[in-house]
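Trainee: I have a structure open and would like to go through it with you. Where do we start?

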Amino acid sequence: MLSVWRQAESALARFEHPVDMALALELAVAHAISAYDAQFITLAQSLEVRCLTDDRELVLKFPRSAISLELFCR
């Protein structure tokens, strides 16, 4: 089981991207969202993609950075 985990981790490692945590924390405080959510928004913004979420608050607060599952599926 551990070997499978290591293989998966190795295969996915090239797709990992660091998150600017200072920026994420600033975003969290400025917009009254969790630091966890702010990491996803910060990452989406840095990669210039939209964050796919079912969190209506994020979609409302970050309309250029977040998109709802419902709208995405249309």
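This is a predicted model: local features need pLDDT of at least 70, side-chain atom pairs count only at pLDDT 80 or more; totals for chains, interfaces and linings use all residues.

Trainee: OK. How many helices and strands does the protein have?

Mentor: There are 5 helices and 2 strands. Read from the N terminus, the order is α-α-α-β-α-β-α.

Trainee: What are its dimensions along the principal axes?

Mentor: The C-alpha trace spans about 40 × 35 × 20 Å.

Trainee: And what is the radius of gyration, next to that of a compact globule?

Mentor: The protein has 15 Å, whereas a compact globule of 74 residues would have a value near 11 Å.

Trainee: What share of the residues count as buried?

Mentor: Of the 74 residues, 22% do. As for contacts with a separation of 6 or more, 23% are between residues 24 or more positions apart.

Trainee: Let me pick a residue. Thr 42: buried or exposed?

Mentor: Thr 42 counts as buried, because its relative accessibility is 4% and the cut-off for buried is under 20%. Thr 42 sits in helix α3.

Trainee: Which residues is Thr 42 in contact with, leaving aside neighbours within four places in sequence?

Mentor: Those are Val 19, Asp 20, Leu 23, Ala 24 and Leu 27. Helix α2 covers residues 21-31.

Trainee: Then what about Ala 22, which element is that in?

Mentor: Ala 22 is in helix α2. With 48% relative accessibility, Ala 22 counts as partly exposed. From Ala 22 to Gln 39 there are 17 residues in sequence, and their C-alpha atoms are 9.8 Å apart in space.

Trainee: Back to α3. Is Ala 44 buried or exposed?

Mentor: Ala 44, another residue placed in helix α3, is buried at 4% relative accessibility. Beyond its neighbours within four places in sequence, Ala 44 touches Val 49, Arg 50, Cys 51 and Ser 65.

Trainee: How far is Ala 44 from Lys 61?

Mentor: The C-alpha atoms of Ala 44 and Lys 61 are separated by 14 Å, and the two residues are 17 apart along the chain.

Trainee: What about phi of Glu 48?

Mentor: Glu 48 has a positive phi too, about 55°, although this residue is not a glycine either. Glu 48 is in the loop between α3 and β1 (51-53). Glu 48 counts as exposed, with 74% relative accessibility.

Trainee: Now the largest pocket. What is its volume?

Mentor: About 160 Å³.

Trainee: Which residues line the largest pocket?

Mentor: The lining is Thr 53, Asp 54, Arg 56, Val 59, Leu 60, Ser 68, Leu 69 and Glu 70. By class, that comes to 3 nonpolar, 2 polar and 3 charged residues.

Trainee: Which helix gives the most to that lining?

Mentor: α4 does, with 3 residues. Both α4 (56-61) and α5 (69-73) supply at least two residues each.

Trainee: Last topic. How many salt bridges does the structure hold?

Mentor: It holds 2. One joins Lys 61 to Glu 57, with the closest N and O atoms 2.8 Å apart.

Trainee: Where do Lys 61 and Glu 57 lie?

Mentor: Both are in helix α4, 4 residues apart, which is about one turn of the helix. Lys 61 is partly exposed at 33% relative accessible area, and Glu 57 is partly exposed at 36%.

Trainee: Why can such side chains pair at all?

Mentor: Side chains of opposite charge can do so when their charged atoms come close.

Trainee: Which residues make a salt bridge at 2.7 Å?

Mentor: Glu 70 and Arg 74, taken from N to O. Glu 70 also belongs to the lining of the largest pocket. Arg 74 counts as exposed, at 70% relative accessibility.

Notes:
Residues are numbered from 1 along each chain as its sequence is written. Side-chain values use heavy atoms; hydrogens and water are left out. On a 1 Å grid over the protein atoms alone, a cavity is a set of points where a 1.4 Å probe fits but cannot get out, and a pocket is an open set with protein on both sides within 12 Å along at least five of seven lines; lining residues have an atom within 4 Å of a point. Grid points are joined across faces, edges and corners, and a volume is the space filled by probe spheres set on the points. Ala, Val, Leu, Ile, Met, Phe, Trp, Tyr, Cys and Pro count as nonpolar, Asp, Glu, Lys and Arg as charged, and the others, Gly among them, as polar. A salt bridge is a side-chain nitrogen of Lys or Arg within 4 Å of a carboxyl oxygen of Asp or Glu. Buried means under 20% relative accessible area, exposed over 50%, partly exposed in between (1.4 Å probe, protein chains only). The radius of gyration is taken over C-alpha atoms; the globule rule is 2.2 Å times the number of residues to the power 0.38. Contact means heavy atoms within 4.5 Å.
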